[in-house]
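Please load the model in the viewer and keep the selection panel open.

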Amino acid sequence: MITVQNTPVRWQNGGFLPADAPQGREGTMARAILMAHNVSGSPDRLSIRFDAMASHDITYVGIIQTARASGMKEFPLPYVLTNCHNSLCAVGGTINEDDHVFGLSAAKKYGGEFVPAHQAVIHSYMRERYAAPGKMILGSDSHTRYGAYGCMAIGEGGPELARQLLRKTYDITYPKVIAVYLTGAPRPGVGPQDVALALVGATFQNGAVKNAVLEFFGPGVASLSMDYRSGIDVMTTETTCLSSVWQTDEHTRAALTLLGRGDSYKEMSPAEGACYDALVTVELDKVEPMIALPFHPSNAYTIKEFKANMADLLHQVDVDAAQQLGVKNAPSLASKIVGGQFMADQGVIAGCSGGTYQNLKRAAEILKGGATGSGTFWLSCYPGSMPINLELTKNGYIADLMAAGASIRSCFCGPCFGAGDVPANGAFSIRHSTRNFPNREGSKPGDGQISYVALMDARSIAATARMGGVLTGADELPDVPADRPDERWAYDDSAYKSRVYFGVGKPQPEAELVFGPNIADWPEQISLPENLQLTVCAAIYDPVTTTDELIPSGETSSYRSNPIRLSEFALSRKCPDYVPRAKAVQALEQLRRENPSAPEVKEALDGHDPAKTGLGSLVMALKPGDGSAREQAASCQRVLGGCANVAEEYATKRYRSNVVNWGMLPFVAENLEKLNLRPGDRVYLPGVRALLEGDGETIQATVIQAEADGPTVRLVTLSLPSLTREERDIILAGCLINYYAEG
């Protein structure tokens, strides 16, 4: 089905040959795109300028506030502001809509494109309006992936978008490029989510494609429609790759022509002799309907495997819920097995991965003439954009879904991050969305509530709905419609023309920004002191820590325009004591600045010079940062006085970038489990400022741990590998805003 070869290969004569090293990198599609956007002059250290950017209403306020504080006068490139996350305005009074009003005023003042709530999911909109062969797009959402259109798109934290608004560059070392070679054609009943989950399952755990560009090509591409390609492509984020790009063909040209952008088409494919760092082979005809069990998309099995081993696999989910979420008495999922069948409680088809025209059409065809039934199972469908919704309506597919008992919702991302269709306590939801992390369905385990999300394809979700909630792979039904590569939909963008503000390139400097009472500036941050005494305020020994655990998604998103209020939620579901611990350290640091001779300060500093030694907090996690690009996963720590993370490795480049851009030290250390850091431990970093002013990469830290028979003291080596000169200067300044203010 999927094989991974972790050695360099050369594309030659329609096949792959071993290569000593990827010397033919200039033959890849990725190379051509990257070099066309690189302004550094170096083929190894890239400085990228993007063609366009996109943000949604969880992130754009903070980005614009950062850029505005750093001197931005207008948007120097097309910048699209969508409102697809905080669309419901159901939490926090007026604050969500206040953000939307601010976004419209910013689009007018600085010259941007503003997409009102319920018009489109951010990635559906960018595919329709901006993605094109050879282009590069930057988005403040981790699922910024438009590779199916030959467009290299990258999801990053907000500070990286602020840099582009300030006419700076996106700086990276040249990434690995990995060939993803597709053969065959999917069988009827097998959809893009099935292929995506198989790919994630084969690559995530071993880090095979981490921070690489995935380059899709091969004879199998021609068997896939553009919707199908996009459905696979958007899920590549879950492999932890940097970006993706696909070969283009006549299906790409036809899709762009239907979108009114046929002149942007160009043919793209690897050149003869192109070399790749590794090879992933996907045999499309061997992929089966899949299910990714809680709590990660990589926890993937064929539906047949799941049915054959339900009791054991569900028991492991129960164990994971107890260990990862701290829920000790959750209803056992074994209760979902009734008469040898697994009973789901809810189905959702939504967002940038699920809400495509082809997915919802296929679901309507499977459900036509059937019914979801009047039991506990219910189905919600969210088209990805108003043009998709309009075409589905014109062709009768919305009516077929409604007649079968499905509820039709607006163009909204809520089910992907826990702000819509929250199941009942103990319920099991099957979703064609992007993630099934803890709390992504909206439950609050800390309050004794828990429900579960498994990822499946729209086709199997519709098959399950037709069977009244009995988990069913689409290939188990007779006469399931096949997916055709030439399956297209007529594009009518009249809804956009009626509602979207198109202001790119037309700034109105005299226009006023409209601030709601919840929109606040970033609190002031100080530069890095000569020495640091840090207190461990959270120590997480899970194999991976997601950004959702660092700052929860869902209803907390309403506070993301107010850094101080949002910081109250930092690690709240993972380490409930983190915020009060960090605040206590922050209060001592404030006292140090005001009265360095205070007894409490002297005690906290263990005798170190209060004039030269700052106090701060530290978060330790084995592998932090998987998941969302949200900068708040790092900025909330900084707002609470955080000065560093310590990890064995960072799950994604984007999270490490967020740590740096918010002025925190991204330390790595070996054998953290043996080090056994605990909340309350103190870590002294002598000469840390001098280390960053120079080019040193290691520091001997003193760790003080309280024990029953007195404190223990030991030396530990912490490393800062691959810090660039600019990254060092950002940390020295205290954060990106300070760095730009210093000129």
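Begin with S230 and display its surroundings: apart from neighbours within four places in sequence, S230 is in contact with R127, A148 and Y149. Note that the model is predicted. The residue S230 belongs to helix α7, which spans residues 226-233. Is S230 buried or exposed? Its relative accessibility is 5%, and S230 therefore counts as buried, the cut-off being under 20% relative accessible area.

**The pair α2 and α5**

Next, select residues 60-69, helix α2, together with residues 158-165, helix α5. The two axes come within 9 Å of each other and cross at roughly 45°. This angle makes α2 oblique to α5. As to handedness, the crossing of α2 and α5 is right-handed.

Which residues make the contact between these helices? On the side of α2, show I63, T66 and A67; on the side of α5, show G158, L161, A162 and L165. Colouring this contact by class gives five nonpolar residues, two polar residues and no charged ones.

**Helix α1 and its cover**

Now move to residues 29-37, which form helix α1. The buried residues here are M29, A30, R31, I33, L34 and H37. An α-helix has 3.6 residues a turn, so residues three or four places apart point the same way.

**Helix α23**

Continue to residues 653-661, helix α23. How many of the nine residues of α23 are buried? The count is nine of nine, and the helix is described as mostly covered. The buried residues comprise K653, R654, Y655, R656, S657, N658, V659, V660 and N661. After α23, select G663, which follows the helix and has a positive phi, near 75°.

With a relative accessible area of 18%, T702 is buried, since the cut-off is under 20%. What does T702 touch, residues up to four places away in sequence not being counted? Display R682, V683 and Y684, and then V713, R714 and L715: T702 touches each of these residues.

Notes: Residues are numbered from 1 along each chain as its sequence is written. This is a predicted model: local features need pLDDT of at least 70, side-chain atom pairs count only at pLDDT 80 or more; totals for chains, interfaces and linings use all residues. Side-chain values use heavy atoms; hydrogens and water are left out. Axes are lines fitted to C-alpha atoms, for helices over the stretch in contact, and angles run from 0 to 180 degrees between N-to-C directions. Helices (H or I, at least four residues) and strands (E, at least two) are DSSP runs, numbered from the N terminus. Angles under 35 degrees count as roughly parallel, over 145 as roughly antiparallel, 65 to 115 as roughly perpendicular and the rest as oblique. A crossing is left-handed if the near helix is turned anticlockwise from the far one by less than a right angle, and right-handed if clockwise. Contact means heavy atoms within 4.5 Å. Ala, Val, Leu, Ile, Met, Phe, Trp, Tyr, Cys and Pro count as nonpolar, Asp, Glu, Lys and Arg as charged, and the others, Gly among them, as polar. Buried means under 20% relative accessible area, exposed over 50%, partly exposed in between (1.4 Å probe, protein chains only).
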